[in-house]
Amino acid sequence: MRVADLLKPDSVIAELRGADKRQVLRELARRAAPLVNIPEMTVHAALLARERLGSTGVGAGVAIPHARIPGLSAPHGLFARLARPITFDAIDGQPVDLIFLLLVPEGAGSDHLAALACVSRTLRNPATAKLLRGSTDAAALHAILTETRDD
């Protein structure tokens, strides 16, 4: 699986604003809902339920909130570069500024894990993260995330 399989050009937000984790998750749900044709409240509730199990802040300024969504037919990603880093209860205690929202069908099995691994590998690559933090253009962010890599 590749990030290009999950992320469309209209699923990239160059400078998302939010004061805290809860506000950012709400805004991500609002933006993702029309892209996947699922009610915003359904997406938001699923994200909050997942966060209650443990933070999806994976460290190094990266968070990968993810949830299984009833009625979703295929995995879908939404990437946001935050205008300002926020506290996200990440495993390393560092604030988060790069977020990849991953929504998967309710019955997704190994595809869910493959998508998470792919996104994590991409965002935790220091060179990629540096490029993402250096750009405020949605098209450039999409290109950085979806370019083919050998690693």
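In the predicted model, Leu-98 is buried, with a relative accessible area of 0%. This residue belongs to strand 6. Leaving out residues up to four places away in sequence, Leu-98 touches Gly-61, Val-62, Ala-63, Phe-79, Ala-80, Arg-81, Ala-129, Leu-132 and Arg-133. The C-alpha atoms of Leu-98 and His-76 are separated by 17 Å, and the two residues lie 22 positions apart along the chain.

The overall architecture comprises five helices and six strands. Along the sequence, these elements are arranged in the pattern β-α-α-β-β-β-β-β-α-α-α. The radius of gyration of the protein is 14 Å, close to the 15 Å given by the globule rule for 151 residues, and the protein is therefore as compact as a globular protein of that length. The C-alpha trace spans about 35 × 35 × 25 Å along its principal axes. Of the 151 residues, 50% are buried. Among contacts with a separation of 6 or more, 70% are between residues 24 or more positions apart. The protein exposes about 7,400 Å², and carbon and sulfur atoms supply 51% of this area.

Strand 1, formed by residues 12-16, is largely enclosed by the rest of the structure, because four of its five residues are buried. Strand 1 pairs with strand 5 (residues 76-86) in the parallel sense, over three bridges. Within this pairing, Ile-13 has Ala-80 of strand 5 as its bridge partner. Ala-80 is also one of the residues touched by Leu-98.

Helix 1 covers residues 21-36. At 1.5 Å a residue, its 16 residues should span 22 Å, and the C-alpha atoms at its ends are 22 Å apart, which agrees with this expectation. The buried residues of helix 1 are Lys-21, Val-24, Leu-25, Glu-27, Leu-28, Ala-29, Ala-32, Ala-33 and Val-36. An α-helix has 3.6 residues a turn, so residues three or four places apart point the same way. The buried residues of helix 1 pack against strand 1, helix 2 (40-53), strand 5 and strand 6 (96-105).

Helix 1 is followed by Asn-37, which is located in the loop between helix 1 and helix 2. Asn-37 counts as exposed, because its relative accessibility is 69%, over the 50% cut-off. Although Asn-37 is not a glycine, its phi is positive, at about 55°. Most residues other than glycine have a negative phi. A positive phi is also found at Ala-60, where the value is about 60° although the residue is not a glycine. Ala-60 is placed in the loop between strand 2 and strand 3 (62-63). With a relative accessibility of 46%, Ala-60 counts as partly exposed.

Two further loop residues are buried. Thr-56, in the loop between helix 2 and strand 2 (57-59), has a relative accessible area of 3% and is therefore buried. The side chain of Thr-56 makes a polar contact of 2.3 Å with the side chain of Glu-51. When neighbours within four places in sequence are set aside, the residues in contact with Thr-56 are Arg-50, Glu-51, Val-62, Ala-63, Ile-64, Pro-65, His-66 and Phe-88. Val-62 and Ala-63, which are in this group, are also among the residues touched by Leu-98.

Leu-72 lies in the loop between strand 4 (66-69) and strand 5. Its relative accessible area is 11%, and Leu-72 is accordingly buried, since buried means under 20%. Residues up to four places away in sequence not being counted, Leu-72 touches Val-36, Ile-38, Leu-103, Val-104 and Pro-105. Of these, Val-36 is also one of the buried residues of helix 1. The C-alpha atoms of Leu-72 and Pro-9 are separated by 19 Å, and these residues are 63 positions apart along the chain.

Note on methods:
Residues numbered from 1 in each chain as written. Predicted model: local features only at pLDDT ≥ 70, side-chain atom pairs only at ≥ 80, totals over all residues. Heavy atoms only, no water. Buried < 20%, exposed > 50% of the residue type's maximum accessible area, 1.4 Å probe, protein only. Helix = DSSP H or I, 4+ residues; strand = E, 2+ residues; numbered from the N terminus. Pairing = 2+ DSSP bridges. Expected span 1.5 Å × (residues − 1). Contact = heavy atoms within 4.5 Å. Polar contact = N/O pair within 3.5 Å; in protein donor to acceptor, adjacent residues only side chain to side chain. Rg over C-alpha atoms; globule rule 2.2 N^0.38 Å. Areas by Shrake-Rupley, 256 points an atom, 1.4 Å probe, with all protein chains shown as cover.
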